[in-house]
Amino acid sequence: MPAKAADITIAVGGAFTSMDPHFFDLSPNHALTWHVFDRLVHPDADQRPTPGLATSWRVIDERTWEFKLREGVRWQDGTPFTADDVVYTFQRAPNVPNSPTSMGQYIRPVTRLEVVDAHTIRMHTAEPVPLIPQMMGSFSIIGRKQGEGMSTADYNSGKAAVGTGPYRLVSLALGDRAVFARNPLYWGPAQPWERVTYRMITNDSARVAALQSGDVDAIDTVPTRDVSRISRDARLTVASRPGLRLIYLYVDANRPVSPHVTDRDGKPLPGNPLRDVRVRQALSVAINREGIQRQIMEGYSKPTGQAMPEGGMGYDPSIAVPAYEPDRARRLLAEAGYPEGFNITLHGPNDRYVNDDAIAQAIAQMWARIGVRTSVATSPASVFFTAGGVRDEHSISLTGWSTSTGEPDTHLSLMLATPEPERGRGTRIRPSHYSNPSLDRLVDRALTTIDQEAREKLYFEAIRIGFQQELAVIPIHHQVNIWAMRKGIAYSAQLSEQTRAMEFAPAR
């Protein structure tokens, strides 16, 4: 049965894991929690910062930003929103217990918050931080009264899920769905949906079937193989847009011994071959990126050798897509001392990115052709991220990243720079273990350069070293984001892949 005009049911493919907006810096979690919790800055459809809970911001000096907060905003329990709530958020967000990836990278660059008055705050930094407005659009604000003393479990139960966003939480069943109702106290435009059912259906076929049967009104991460068929269905419509999501391989590039690498007889190797850049180069040029685009992604990907897509800040036209060169890959392995290759396990999620399991299987076959016998071990995203990002158990893994600022700042700080969590540079565990002091200094310069043109040149230099020359990570492609919905519903496609009820509206 079609949904009532004032209700919408959305099925998403990304596995959300918590209603705590600070528990895990994960896109499906951000998309879920943004229905309830608002942000100081709202990235627009092109990821440019626009007013949110902050109405304006300005530079006082190169180490001080002033934000004017929106007056008249109330939490869903009627409590007024003030600067003290921002202070409390900054205290809590980087320090949530058991967080796989915290919000520290966005908050720790601010060394001191100064409350000028109830609706004015100043952010002081130890060094120039040009992306402060973009960072303020990367995490949610929670209230002191509503959040103090509350745990992640309290957010998941709904007890602490009290925000200033466009919806209020009615119920949450992790692993299944969340139900939201329109928030009558929301400061912004009234939402068109009285009730939102936000379902998690990670299986691609089941998600498409739910749309076709009318069980849901809209879906995201449409499987590329189904786009043509859905487009021909008169009841449905498709929207797509190239996105910022980079699909890449994390390589254990620095540990002396890696857990899932053996010789051809299955015996542990005395050293980690992935430490040799020639091995990483061999693995990269053994991947037929155009073949993946054509055969697996049905054209809905952009093969790449760098962090940002064409047209994005930090995209370097001088970096070509790595050529498919299996013969060269075999020569590189021989030069590195592995003429017979070795065995390795490629880990990855099977329900997080478009065709993630199929991509991993294809890469394994390509590596087998150069003598790297590859076992594939994919798992649900919740299991995969815990094993790789928390327990550090992988040798090489297929994963993805999308910048929340519209610039490659987090690519540099999370993938290339040596982790310094106290400064907001990455997290304590980073699966590549890559470290290059000279590159660290370059990243620091880029992230503290106010002039945009000069900053982009530093981005170019850092990306050439980390992505092209040393292959701290191996880039594969940028995803094209695809949504489908029943006729009668319009969708405003975002550069971000986050799928939220706020982008859907009844078609006019």
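Mentor: Happy to; we will take some labels one by one and set each against its definition.

Mentor: Keep in mind that this is a predicted model, where local features need pLDDT of at least 70, side-chain atom pairs count only at pLDDT 80 or more, and totals for chains, interfaces and linings use all residues. Residues are numbered from 1 along each chain as its sequence is written, and side-chain values use heavy atoms, with hydrogens and water left out.

Trainee: Why is Leu346 called buried?

Mentor: Buried means under 20% relative accessible area, exposed over 50%, and partly exposed in between, with a 1.4 Å probe and protein chains only. Leu346 has a relative accessible area of 0%, so Leu346 is buried.

Trainee: Where is Leu346 placed, and which residues is Leu346 in contact with?

Mentor: Leu346 sits in strand 15 (residues 342-349); strands (E, at least two residues) and helices (H or I, at least four) are DSSP runs, numbered from the N terminus. Contact means heavy atoms within 4.5 Å. Leaving aside neighbours within four places in sequence, the contacts of Leu346 include Leu249, Ile363 and Trp367.

Trainee: What makes a nonpolar core, and which residues touch the most other members of the largest one?

Mentor: A nonpolar core is a set of buried Ala, Val, Leu, Ile, Met, Phe, Trp, Tyr and Cys residues joined through side-chain atoms within 4.5 Å. The largest such core here has 77 residues, and Phe180, Leu249, Ile363 and Trp367 touch the most other members. Helix 12 (residues 356-368) gives the largest share of this core, six residues. Another core, of 57 residues, lies apart from it, with Met123 and Leu244 among them.

Trainee: How do you know that strand 8 and strand 9 pair?

Mentor: Two strands pair if DSSP finds at least two bridges between them. Strand 8 (residues 167-173) and strand 9 (residues 177-182) are joined by six bridges and run antiparallel. As one example, Arg168 has Ala181 in strand 9 as its bridge partner. The two strands form a hairpin with three residues between them, and Gly175 in the turn has a positive phi of about 90°.

Trainee: What is the phi of Asn355, and is Asn355 buried or exposed?

Mentor: Phi of Asn355 is near 60°, a positive value in a residue other than glycine. Most residues other than glycine have a negative phi. Asn355 has a relative accessible area of 10%, so Asn355 counts as buried. The loop between strand 15 and helix 12 holds Asn355, which touches Thr224, Arg225, Ile296 and Met297, not counting residues up to four places away in sequence. Gln47 also has a positive phi, of about 70°, although Gln47 is not a glycine.

Trainee: At what angle do helix 14 and helix 16 pack?

Mentor: Helix 14 (residues 409-416) and helix 16 (residues 452-469) pack at about 35°, with their axes 11 Å apart. Axes are lines fitted to C-alpha atoms, for helices over the stretch in contact, and angles run from 0 to 180 degrees between N-to-C directions.
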